[in-house]
Amino acid sequence: MGPLRSVVLAGGGTGGHIYPLLAFADCLRRHDPGVRITCLGTPKGLENELIPPQGYDLRQIPAYQLPRSVNMNLVKTPGRMWTAARAAGQVIDEVRADAVVGFGGYVSVPAYLAAWRRELPIVIHEVNVPPGVANRLGMKFTKHVAVGFPHQPQQAEALRDARVVGVPLRRGIAGLDRARNAAAARAHFGLRPDLPVLFVAGGSQGARSINLAVSGAAKELARNGIQVLHVIGARNEPVPVPTDLPVPYVTLPYLSQMEAGYAAADLMLGRGGAMTCAEVAAIGLPTIYVPYPHSNQEQKRNALPVVEAGGGLLVDDAELTPDWVERTVVPLIRDPRRLAAMGAAAAAYGRRDGDEALLNFVYEAVNR
């Protein structure tokens, strides 16, 4: 098989699945403007807000949450999955797809099943340890598995033979020169050019514990000449910030162009989602990671290798208090030499070419 003429991309539900899908779609289009790109999604997923505005064809199919244990839902799953796989197969046939590339989320499973029945090449991209349940199922149908980080094959038996390609990142982030863009980014947010900036963002939905800890330290941060750019999260209550601070403390409900926040920042404080870890490491932004505590600790596993490489700090959610912020952030952000060393270590760990490396892997899989 020669060049790709038509590719189906499957991944939805959360930004962690959709953003790498979109970055990969952009890479495909850059290399071949004539390639047909079709994205699969579900009626309720975040993909409906993110994919169509980027100009890509989004087809909706039914997708069902996969049970994680043996119960009545599992009994119903084969029939439901057959319905969803049939819908995915109709899209695959209509667009005459050469391959299916999946990024996880429940919509991926019917795509994997439909492609397997048609003996089409399947490539899976996974960023977490352990792999998500959808991609774990998909791995039964293909050996072409790519991962975002070097620690994944070492930590998960299912990923032992996976190819480390990095995480596909949007060009605006992968190509970001923080130093060159800092002044313009600060002006955009109404921040001063001459004082350090702490960038706070707890993921697309925000993080209440982070919001309260940083806003609670607002007076002490301002007293030390530290500006704050704080993305609260669209679903969070506004945080109480004193109005009489001597330096800017800017709050936003949501920030779609994260590269602007990254460019404005000297130091970031946020969660440990795979996309956040990939982005800040790639651009060399020193980061304090506060992994989400109510999960299987995947965010801690994401952040730990960057921290061990010297690219940031790790703090448990329960330990993050206004006092911790005052004791830790103030001396760190006022130490340019330490920040520069952390940034260099992060950049050495991260990579900016995940989209290109994944595309090469897909070409290999299709032409094998």
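Q: Where do I start? How many helices and strands does the protein have?
A: Start with the inventory. This predicted model has 16 helices and 13 strands.

Q: What share of the residues is buried?
A: Of the 368 residues, 57% count as buried.

Q: What do contacts say about sequence distance?
A: Take contacts between residues at least 6 apart in sequence. In this protein, 66% of them join residues at least 24 apart.

Q: Which domains are assigned?
A: Two are given. Domain 1 covers 6–169 + 352–367, and domain 2 covers 172–349. In the contact between them, domain 1 supplies 16 residues and domain 2 supplies 17. Their centres, taken over C-alpha atoms, are 30 Å apart.

Q: How should I read a helix?
A: An α-helix has 3.6 residues a turn, so residues three or four places apart point the same way. Then ask which residues are covered. Gly284 follows H12 and has a positive phi, near 70°.

Q: How many residues of helix H4 are buried?
A: Eight of its 10 residues are buried, and H4 (residues 108–117) is mostly covered. The buried ones include Val109, Pro110, Tyr112 and Leu113.

Q: What backbone angles deserve a second look?
A: Most residues other than glycine have a negative phi, and most peptide bonds are trans. Two residues here have a positive phi without being glycine. Arg96 has a phi of about 50°, and Glu119 has one near 55°.

Q: Where are Arg96 and Glu119?
A: Both lie in loops. Arg96 is between helix H3 (72–95) and strand E4 (99–102). Glu119 is in the loop between H4 and E5, just after H4.

Q: Are they buried or exposed?
A: Check the relative accessibility; over 50% counts as exposed. Arg96 is at 69%, so it is exposed. Glu119 is at 73% and is therefore exposed too.

Q: Which peptide bond is cis?
A: Read omega. The bond from Val129 to Pro130 is cis, with omega near -5°. Pro130 sits in the loop between strand E5 (122–126) and H5.

Q: Is His144 buried or exposed?
A: Use the cut-off again: under 20% means buried. His144 has 16% relative accessibility, so it counts as buried. It lies in the loop between helix H5 (133–138) and strand E6 (145–147).

Q: What does His144 touch?
A: Set aside residues up to four places away in sequence. His144 then touches Ile122, Val123, Ile124, Phe361, Ala365 and Arg368.

Q: How far apart in space are Ala185 and Gly261?
A: Read sequence and space separately. Ala185 and Gly261 are 76 residues apart in sequence, and their C-alpha atoms are 7.1 Å apart. Ala185 lies in helix H8 (residues 178–189). Its relative accessibility is 8%, so Ala185 is buried. Beyond its neighbours within four places, Ala185 contacts Ala260, Ala263 and Ala264.

Q: How far is Ala341 from Leu28?
A: That pair is 313 residues apart in sequence and 35 Å apart in space, C-alpha to C-alpha. Ala341 belongs to helix H15 (residues 336–349). With a relative accessible area of 46%, Ala341 is partly exposed.

Conventions: Residues numbered from 1 in each chain as written. Predicted model: local features only at pLDDT ≥ 70, side-chain atom pairs only at ≥ 80, totals over all residues. Heavy atoms only, no water. Helix = DSSP H or I, 4+ residues; strand = E, 2+ residues; numbered from the N terminus. Buried < 20%, exposed > 50% of the residue type's maximum accessible area, 1.4 Å probe, protein only. Contact = heavy atoms within 4.5 Å. Domains from an automatic or database assignment.
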